[in-house]
Amino acid sequence: MSDQLPFTPEQDAWVATAADRLRRAAGRLGWLWFKADVAWRLGARPVGLMLLHRASLAAGLPQRRLAVGAVPAGHFLPRTAAPAPALPAGMAGRLRAAVATLPARPDWHGGYDPAAPALGLDLFAGGDIRPVWEASRLGGLLLLAQAARIDPRGGHLAQAEAMLASWCAANPAFRGPAWACGQEAALRALSLALALALLDADRDPPPAARGLLALCEQRIAATPAYAAAQDNNHAISEPAGAFACALLRRDAAAAGRAARHLSAAVARLVAPDGGFAQVSAGYARLALDVLSIAEWLRRRHGAPDFPAPLADRAAALAGWLHRVVAAADGSGPALGVEDDSAFADLGLHGPADARGSVERAARIFAGAGADLPEEAGCVWLGLPTPASRLPRPARWRASGSQGWAAAGATGLLRTGPLRTGTLKPGPLRFRPSQPDLLHFTLRDGPRAVLRDGGTGAYNPAAPWWWQALASGAAHNAVLFDGAEPMPRLGRFLFARWPRLRDLPDGAARRDAAGHRHARRVQVRGRVWSVTDELAGRFHIATLRWRLPAGDWRLCGPVAEAGRLQLRVESDAAPAALSLALERGWHSPAYGVIAPCPVLRVTARAPVTRLVTWIRLPEREEA
């Protein structure tokens, strides 16, 4: 097998120097043109909000709002806990084991300065900030609250009280990485509110808890334009966190404002068909977790309903996530970027299993179950088990994706906007986080047959991860003459987005260079076909398929490992088509990278059609 790595030193610095190389290649006017192009594609609303945020920072308004924060005083938690509900067998033992793994001294800061003003912090200077933020989401607090109800004499409430006191002492108000992001303050507030509710102390929180909630609300309120401008989870998490803070502080007016902002964000970011602005199973899960906890708290406190269409859109999002995760183990496809969030994971499923999140959201918003009728997290929340179940259709469409299911296998195609009643090409509504348009994932049950490169990390341990996981070659799609489909302007920002249109059996795109690619998917039993129709001016088209581990070998136009087989057909002359097995890379979990085999198909013009036949093993052989 030929190697896709190692990269040259220039490739090693791919992300760090991408902007500089783009400036040198295009010149100053070209760079400004790219910036104007992406601003136009993002739209007036997010660009205007970001400009408003930057003007506010320049004027020092958020800094003044966060200049002073009262130190929480007194107790955070009640002194006693009610007995636990009747949990599924083995759950108490799993909770005790999870509590035993909690660190005695959590690393609240990583490589970041805990005394630096939060708003001026460089989020990439101290390493990967994601693990630091995860610690400050206070998932350990929820574990201890649950354990306190299982073992009332186990000292878990005292341990939880000490954890909160330690966190506040190590993270003074609006200093350091924990306060750098409004979304993190919101998730922290939701965790604290849920822990108090599990301990039946949320209707009259102890004074220190009330003080910490007030600080989180103050942080969220300091940068609202930034959250709304992101058009992603920030715009949902932050008003949800503000709602929880106001609810527990009994500020009905503030809770009402936050509820309206939350519903407006959901209406904008979640389509009626369940498609989410961030086409990502991981981020769809985070959005559902946040919405589920906010709605559960709302019902518990008897607050007015969230304005429409929040409930309907959340139900649709739960249906989308249910379709894309495996019923057997809750694993989802690596689609777009994600950070392995498992927020408010009361059932202890972990980041690799989304079934608990789907089950909770389905019961709350759709009045139906999913794949775990005895889900422990739902027992903790007192959610009844519905008789009906969410369906798994054989064919479905949503904004940003399409899916197929047959004979135990599922296919997922990354598409563009769904324009009902027309097949005309249209612009993307929301920014793509990776150049993965028309990427196709195929899974046989939970096993990935054709996979995506995945996320890696937001600030990876080695710069070459970006090229290996986030370039056009990291996806199961076609590259023309080896060129990236979109110029990269930043870690998560691209210019010159392709135009896309839906097809009855797939989707098509046209990039800024005039290359046209239509991808059609068909399935009959255990045999799948992916047809790629190519047009435009190019010399070489390269198609890559990321494969599962196995003893892969090539035999002419066929790649096979055991009973799994891929056969490639083309209208190109035999000498113009070549297949090779190379080493690629994928990210099986956040912060992890591993090698994987890749089938590279290269076709020289005038090729117009490539067909990949995937024959899956029969079920008894799989």
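Here are some friendly notes on the fold, from the whole chain down to its helix pairs and sheets.

1. **Ground rules.** This is a predicted model, in which local features need pLDDT of at least 70, side-chain atom pairs count only at pLDDT 80 or more, and totals for chains, interfaces and linings use all residues. Residues are numbered from 1 along each chain as its sequence is written, and side-chain values use heavy atoms, with hydrogens and water left out.

2. **The whole chain.** The chain holds 18 helices and 20 strands; these are DSSP runs numbered from the N terminus, with helices being H or I of at least four residues and strands E of at least two. Its radius of gyration is 25 Å, close to the 25 Å that the globule rule gives for 622 residues, so the chain is as compact as a globular protein of that length. (That radius is taken over C-alpha atoms, and the rule is 2.2 Å times the number of residues to the power 0.38.) Along the principal axes, the C-alpha trace spans about 80 × 60 × 45 Å.

3. **Helix 9 with helix 12.** Helix 9 (residues 182-198) packs against helix 12 (residues 233-248) at about 40°, and their axes are 8 Å apart. Axes here are lines fitted to C-alpha atoms, for helices over the stretch in contact, and angles run from 0 to 180 degrees between N-to-C directions. The two helices are therefore oblique to each other; angles under 35 degrees count as roughly parallel, over 145 as roughly antiparallel, 65 to 115 as roughly perpendicular and the rest as oblique. Their crossing is left-handed, meaning that the near helix is turned anticlockwise from the far one by less than a right angle.

4. **What lines that contact.** Among the residues that meet are Ala186, Leu190 and Ala193 from helix 9, and Ala240, Gly241 and Ala244 from helix 12; contact means heavy atoms within 4.5 Å. The residues of this contact divide into 10 nonpolar, six polar and one charged. In this grouping, Ala, Val, Leu, Ile, Met, Phe, Trp, Tyr, Cys and Pro count as nonpolar, Asp, Glu, Lys and Arg as charged, and the others, Gly among them, as polar.

5. **Helix 14 with helix 16.** Helix 14 (residues 281-301) and helix 16 (residues 355-366) pack at about 45°, with axes 9 Å apart. That makes helix 14 oblique to helix 16, and the crossing is left-handed. Residues meeting here include Arg285, Asp289 and Trp296 in helix 14, and Arg360, Ile364 and Phe365 in helix 16. This contact divides into seven nonpolar, two polar and five charged residues.

6. Five strands form an open sheet in the order 2-3-4-5-6, with antiparallel pairing; two strands pair if DSSP finds at least two bridges between them. Strand 2 (395-398) and strand 6 (447-450) stand at the edges with a single partner strand each, so one side of each is left without a neighbour in the sheet. The twist averages 20° from one strand to the next. Four bridges join strand 2 to strand 3 (residues 401-406), and arginine 395 has tryptophan 404 in strand 3 as its bridge partner. Helix 15 (residues 310-324) packs on this sheet, touching strands including strand 4 (409-414) and strand 5 (440-444).

7. Nine bridges join strand 12 (residues 516-524) to strand 13 (residues 527-535), and arginine 520 stands opposite threonine 531 in strand 13.
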